[in-house]
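Me: I would like to learn how to read the packing of helices and the pairing of strands in a model. Could you take me through it step by step, with the general idea ahead of each case?

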Amino acid sequence: MNEGAEIVVKKVAGHIPKGSIPKNPPKPKDHHHPHHHALSTYRLTREDISGGPVNLDQIEPGLWLGNVTAAADLPTLEKLAIRSVLTIDSCPLPAHVTENPGLRVKYIQASDVPREDLIKYFEETNKFIRDSLAEERNVLVHCYFGVSRSATIVIAYMMDKYRLSYEAALHRVKSRRRFVLPNPGFITQLKLFALMNYTIDPQNDRYKLFRLKLAADNVRKAKRLPVNCMDVVKPDPAVTQESPEPIVYRCRKCRRVVARKSNLLMHKPKPAGASGGHHSTSSPANGEEPVAQEPESEPPKDGLSYVTEHMRRSSIGSDHSHDRSSSEKDGMCRKIFFIEPLAWMTDIFHNTQGRLYCPKCTVKLGSFNWVMATKCPCGAEIYPAFYLVPSKAEYSTVVQNVQVTV
Ligand SMILES: [Zn+2]
Ligand SMILES: [Zn+2]
């Protein structure tokens, strides 16, 4: 890697002034950020690359953000009294850094693509930075260029420390390093982090949707649910009753519990008059933050699956007795019960789409689709989708039904 660094240094001779971006930095291969097009001229292999000349900026006292060259350059680290190095990159740093007894290092393997899950590291990276600074160890957070991945980590830290919005934290970091630019997926994750009060709340609906879309993107690629995404499949509500919920959904035919209220993934109805075109599901019209997706990972636009076929003989629209306390007030669609994937849905683990059958009486309850957007009768397009149709599954409460499975 050091040899590679020297080669590039020759190409881009001279010191890069603070706050300016290297002229012709090579780019990691799989970067799709539109604003980075100017940077994607060079597609070098990992052996060739360096992040350009040493380039780092102090974001606040003791906290530095920079490129891989800075992180691998011991004289720079020594000069700036940097004794903690946080790497967010596709490769770890060379051994002269990682095995240096004077340095505390942490490595997170991540690519600079929107579907990369960085938010799951925010709590531990924030702690790493916080602990290091508390021990008066200066910290360098770096990725390849110090533009997207590591900037995201530093912004998450600033957001948490000062309770800032994404925009405010970005502004602060940019005032010290003006070309930081998290990719769209990372921006979504940072905003989600603020929404969850600077922590990870697995019960948060937006977080569930984020994880689910991430899992769906992976299913689209792998054609099955990868092991590292299994967490999106929640326990069978008929089996697990750690904290029983009064509101459940049951198979109308055999009364088996098939979902809990907390499994519902609500959406707002598509506003009347909005165009019914098959547009991207990643930009819902209701103002929710879309989970950014690479163009090639968006659901096929001609591949919408419709739930209307299930609706013809159902009494949707009149059967809204469930959950009256909130259904009228919150403005959420109740035409179809979109829910989280659940453990009883055995087909979802190895199929990209299919039907959902009651695990007890095998009647068809609904469908699922990991790979295509599903259009709700209200017009909203849901991706991925796991749903029960109200003619087959009904809302009921513990009070009404004493035979709750425990
Ligand atoms: Zn049944
Ligand atoms: Zn709907």
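This is a predicted model: local features need pLDDT of at least 70, side-chain atom pairs count only at pLDDT 80 or more; totals for chains, interfaces and linings use all residues.

Me: At roughly what angle do the axes of helix 6 and helix 7 cross?

Reply: Two packed helices are described by the angle between their axes and by the distance between those axes. Here the axes of helix 6 and helix 7 cross at roughly 115° and come within 9 Å, and the crossing is right-handed.

Me: Which residues of helix 7 are buried?

Reply: An α-helix has 3.6 residues a turn, so residues three or four places apart point the same way. In helix 7, which spans residues 166-174, the buried residues are Tyr-166, Ala-169, Leu-170 and Val-173. Because they cover an arc of only 100° around the axis, they lie on the same side of helix 7. These buried residues pack against strand 1 (56-60), helix 6 (149-162) and helix 8 (184-195).

Me: In what order do the five strands form the sheet?

Reply: Strands of a sheet pair through backbone hydrogen bonds, either parallel or antiparallel. In this model five strands form an open sheet in the order 1-2-5-3-4, with mixed pairing. Strand 1 and strand 4 (104-109) are the edge strands, each pairing on one side only. Strand 1 runs antiparallel to strand 2 (residues 63-66), to which four bridges join it, and the bridge partner of Leu-56 in strand 2 is Gly-66.

How values were computed: Residues are numbered from 1 along each chain as its sequence is written. Chains are lettered from A and ligands numbered from 1 in the order in which they are written. A residue is buried if 20 or more other C-beta atoms lie within 10 Å of its own, exposed if 12 or fewer, and partly exposed in between; C-beta atoms are placed from the backbone. Helices (H or I, at least four residues) and strands (E, at least two) are DSSP runs, numbered from the N terminus. The arc is that of the directions from the helix axis to the C-beta atoms. Two residues are in contact if their C-beta atoms, placed from the backbone, lie within 7 Å. Two strands pair if DSSP finds at least two bridges between them. Axes are lines fitted to C-alpha atoms, for helices over the stretch in contact, and angles run from 0 to 180 degrees between N-to-C directions. A crossing is left-handed if the near helix is turned anticlockwise from the far one by less than a right angle, and right-handed if clockwise.
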